[in-house]
Structure formats: structure tokens, C-alpha cells
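Colleague: Before we discuss this fold, may I see the sequence and the structure?

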Amino acid sequence: MPEEDLVDIKFRLYDGSDLGPFRYSSTSTVDMLKQRIVSDWPKGKTIIPKAASEVKLINSGKILENNKTVGQCKMPFGDNGSGVIIMHVVVQPSLAKTKTEKKIDDSPRKIVCSCSIM
């Protein structure tokens, strides 16, 4: 594989720490990047993605689609000088899981008022 087909990508996590840089082929898909992020997620973080579907990647202010390749997402402008592309990582746990974890108490509440009238 020619050297120009390889792209260095660093992933910026929610707390400002970085994962990588890693070298990818320009034909690698965004879904492949997400799977790598989940498998290499640092231990000890408070937020941990359980699946690639819980991860969103943002580059140059755009959320990247799973079926796009690194080459399609790479912006020709905005080079930060180091040649490394920085993508921001957002973790969104699935909605179904969030609803089952929360217990919603919809029972009516009794309001007690201790008012004194003079």
C-alpha cells in the first residue's frame, strides 16, 4: 500500500485526552474506526461505549457517516501542521438501555401543607 494512502488519525475523547494517533488506509470506513475506538477505549474512564453504535465521530464540525471512508472524510484544508487528523469522539448510550436503567416513578404524590391561619 503506498505511503500516501495512509492517514494518521487521533481521537479526542470527552475529557480532552487522546486515543492514538493510529495509521489507517484512506479506504477504511468510519465504522471500522468506531470499532477500533471501542476495542482500545482507555480503562478507568467514567463513560465507556459498549458498541460502535454508541460512538459518533466528528471531523471539521460534521458527524461522520458509518459507510464513508477516511479518504472521503479527510478535509484538504485545516491541516494542523502535524499531518495528524483529529476527530472528536462523542459517546451516546443507546436510548433503549437508558430507559430501562432509569426507574420512573409516576405514582401520584401527596402534598402536605402545614399552613396556619391567624
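Colleague: Which residues in H1 are buried?

Modeller: This is a predicted model, and I apply a cut-off of under 20% relative accessible area for a buried residue. By that criterion, the buried residues in H1 are Val 30, Leu 33, Lys 34 and Ile 37.

Colleague: Within what arc do the buried residues of H1 fall, seen down its axis?

Modeller: The buried residues of H1 line one face of the helix. What covers them includes S1, S2, S3, H2 (70–73) and S5. They line a single face because, seen down the axis of H1, they fall within an arc of 100°.

Colleague: What angle does the direction of H1 make with that of S3?

Modeller: Helix H1, residues 30–39, packs on the sheet and touches S1, S2, S3 and S5. The direction of H1 makes with that of S3 an angle of about 120°.

Colleague: Which strands stand at the edges of the sheet?

Modeller: The open sheet has five strands with mixed pairing, in the order S2-S1-S5-S3-S4. Two of these strands have a single partner each, so one side of each is left without a neighbour in the sheet. Those edge strands are S2 and S4 (62–63).

Colleague: Which residue of S2 is the bridge partner of Arg 12?

Modeller: S1 (residues 6–12) and S2 (residues 18–25) run antiparallel and are joined by six bridges. Their hairpin has five residues between the strands, and Gly 16 takes a positive phi near 90° there. The partner of Arg 12 in S2 is Asp 18.

How values were computed: Residues numbered from 1 in each chain as written. Predicted model: local features only at pLDDT ≥ 70, side-chain atom pairs only at ≥ 80, totals over all residues. Heavy atoms only, no water. Pairing = 2+ DSSP bridges. Helix = DSSP H or I, 4+ residues; strand = E, 2+ residues; numbered from the N terminus. Contact = heavy atoms within 4.5 Å. Axes fitted to C-alpha atoms, helices over the stretch in contact; angles between N-to-C directions. Buried < 20%, exposed > 50% of the residue type's maximum accessible area, 1.4 Å probe, protein only. Arc of directions from axis to C-beta.
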